Amino acid sequence: MLTFEQKLEIIESFEELTRHNVSLGRVNFHFEGSIREKKTVVYHLHPNGNGFVYTAHLNDYPSDAKGMTNIRDCSEEDLRSIIAASIDSLMTEELADFEPFTDEPWVNANGQELMLTREDADTWSVYADDMLDGIFTTYEEAASYLDQEGFSKKTR
C-alpha cells in the first residue's frame, strides 16, 4: 500500500488538479476544468492512506452510492490510471455508464400519480402528466422528494 505522502506526490503530479486541505488532515483535489457540476476528483485523502476518487461515470471501477472508489490499496499505476480516467470523465458529456431507465410511476393516498423519469445521466425529473414538477441530480434525491410529498412507488 502506498503511503499518504506517496499518494500526495502522485496526485500532485496531475497539474490540472488543485489541492484543497480539509478537516482532520484530509485533502481533496479538484479539477477546475470540469464541464460538469462535479469538480472533486480526489476526496478525503487521509493521512492513514485512505481516500476516494470520483468514478461515477466509469464502468471499470466499483463505486459507492456517491460515485466514489476507495483508493486505500491502489498501486502507483492503478492510482495514476484511476485519476486520469476520472479527469477524462469530467471533460466529456458522453457517459459510458448511462443505463436506460424505465419510467417509474409513484402514487399518493388520493390516487394522484407522478412519473419519475431519467432524462440523462445527471438528471431525474418528476412529471404530473406533461407538466414538470421537479428536477433532481440523483435518483435518491427524486425518491426522497416524492416520499416527502406523500408518494410511494406504484406496484404494478
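Helices (H or I, at least four residues) and strands (E, at least two) are taken here as DSSP runs, numbered from the N terminus. On that basis, the protein chain follows the pattern α-β-β-β-β-β-α-β-β-β-β-α-β when read along the sequence, with three helices and 10 strands. The model is a predicted one, in which local features need pLDDT of at least 70 and side-chain atom pairs count only at pLDDT 80 or more, while totals for chains, interfaces and linings use all residues. Residues are numbered from 1 along each chain as its sequence is written, and side-chain values use heavy atoms, with hydrogens and water left out.

The C-alpha trace of the protein chain spans about 60 × 30 × 25 Å along its principal axes. The radius of gyration of the protein chain is 19 Å, whereas a compact globule of 156 residues would have one near 15 Å; the radius is taken over C-alpha atoms, and the globule rule is 2.2 Å times the number of residues to the power 0.38. The protein chain is divided into domain 1 (4-95) and domain 2 (103-153), with bounds that come from an automatic or database domain assignment. The centres of domain 1 and domain 2, taken over C-alpha atoms, are separated by 31 Å.

Of the 156 residues in the protein chain, 40% are buried, where buried means under 20% relative accessible area, exposed over 50%, and partly exposed in between (1.4 Å probe, protein chains only). Among contacts (heavy atoms within 4.5 Å) with a separation of 6 or more, 39% are between residues 24 or more positions apart.

Strand β1 (residues 17-21) pairs with strand β2 (residues 27-31) in the antiparallel sense over five bridges; two strands count as paired if DSSP finds at least two bridges between them. Thr18 stands opposite His30 in β2. Five residues lie between the strands of this hairpin, and Leu24 takes a positive phi near 60° there. Further along, strand β8 (residues 123-128) and strand β9 (residues 131-136) run antiparallel and are joined by five bridges. Trp124 has Phe136 in β9 as its bridge partner. The hairpin of β8 and β9 has two residues between the strands, and Asp129 in the turn has a positive phi of about 55°.

With 14 residues, α2 reaches 20 Å from its first C-alpha to its last, close to the 20 Å expected at 1.5 Å a residue; the expected span is 1.5 Å times one less than the number of residues. Leu79, Ile82, Ile83, Ala85, Ser86, Ile87 and Ser89 are buried in α2. The cover over these buried residues includes α1 (4-12), β1, β2, β3 (40-45), β4 (52-54) and β5 (68-70).

Ser86 lies in this helix, which covers residues 76-89, and counts as buried because its relative accessibility is 0%. A polar atom of the Ser86 side chain lies 2.7 Å from the backbone oxygen of Tyr54. Leaving aside residues up to four places away in sequence, Ser86 touches Val41, Val53, Tyr54 and Leu58.

Glu149 lies in the loop between α3 (139-148) and β10 (152-153), and is partly exposed because its relative accessible area is 46%. Glu149 and Asn108 are 41 residues apart in sequence, and their C-alpha atoms are 8.3 Å apart in space.

Terms used. Polar contact = N/O pair within 3.5 Å; in protein donor to acceptor, adjacent residues only side chain to side chain.
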